[in-house]
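Take a look at the structure below. Then follow the charged pairs and the core, step by step.

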Amino acid sequence: MFTDGMRLDPDNTKCRLALKLAKDAERFKEEGNDAIKIHNYDLAIELYTKSLTVDEYNKKLLAIVYSNRSTAYSKKGDLNSALKDCNKSIELDPTYWKGLLKRADIYMKKGEFDLAIGDYNKIKEIDPHQNMSSYIKEA
């Protein structure tokens, strides 16, 4: 979208700024993903937080970043912060099933099995190709 605007009007300052912010947010998200892979959860949280503050308008990306940051919090054992981020992710994009799956995992860890089952069922509604049977059976 922004690249189209830049092609049509190369001097469009708003498009240029929006494109830069989108790229920066994506870069911080990817760096956060790299930090998760090496188990540096504090750094991942810091990078995801930067991503969240750079581009506040890209709801799809924000939903992913909140979901990713919830993983880092969960890995650190901070289930309350993880749950808060999952809820924000789902609020931004109710069809992002990975956010629901992560929230269900947190509910399982907290012993809130009925809530986990509810999220597993929502995932089945959103994407019938996702097999939630084993998850539901575990809950």
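Is aspartate 105 buried, partly exposed or exposed? Aspartate 105 has 35% relative accessibility, so it counts as partly exposed. Here buried means under 20% relative accessible area, exposed means over 50%, and partly exposed lies in between (1.4 Å probe, protein chains only).

## About the model

This is a predicted model: local features need pLDDT of at least 70, side-chain atom pairs count only at pLDDT 80 or more, and totals for chains, interfaces and linings use all residues. Residues are numbered from 1 along each chain as its sequence is written, and side-chain values use heavy atoms, with hydrogens and water left out.

Aspartate 105 has a charged partner. Its side chain meets that of lysine 109 in a salt bridge, 3.3 Å from N to O. A salt bridge is a side-chain nitrogen of Lys or Arg within 4 Å of a carboxyl oxygen of Asp or Glu. Both residues sit in helix α6, four residues apart, about one turn of the helix. Helices (H or I, at least four residues) are DSSP runs, numbered from the N terminus. Lysine 109 is partly exposed too, at 47% relative accessibility.

Aspartate 42 and lysine 76 form a salt bridge at 2.4 Å, N to O. This pair links distant parts of the chain: aspartate 42 is in helix α3 (residues 41–54), lysine 76 is in helix α4 (residues 59–76), and they are 34 residues apart. Aspartate 42 is partly exposed at 48%. Lysine 76 is partly exposed at 44%.

Now try a buried pair. The closest N and O atoms of arginine 103 and aspartate 119 are 2.7 Å apart, in a salt bridge. Arginine 103 lies in helix α6 (residues 97–109) and aspartate 119 in helix α7 (residues 113–126), so the pair ties together parts 16 residues apart in sequence. Arginine 103 is buried at 10%. Aspartate 119 is buried at 2%.

## The nonpolar core

A nonpolar core is a set of buried Ala, Val, Leu, Ile, Met, Phe, Trp, Tyr and Cys residues joined through side-chain atoms within 4.5 Å. The largest one has 34 residues. Ile36, Ala44 and Tyr120 are among those with the most contacts inside it. The elements giving two or more residues to this core are α2 (13–37), α3, α4, α5 (79–92), α6 and α7.

Which residues does isoleucine 36 contact, leaving aside its neighbours within four places in sequence? They are Tyr41, Ala44, Tyr48, Asn68, Thr71 and Ala72. Contact means heavy atoms within 4.5 Å.
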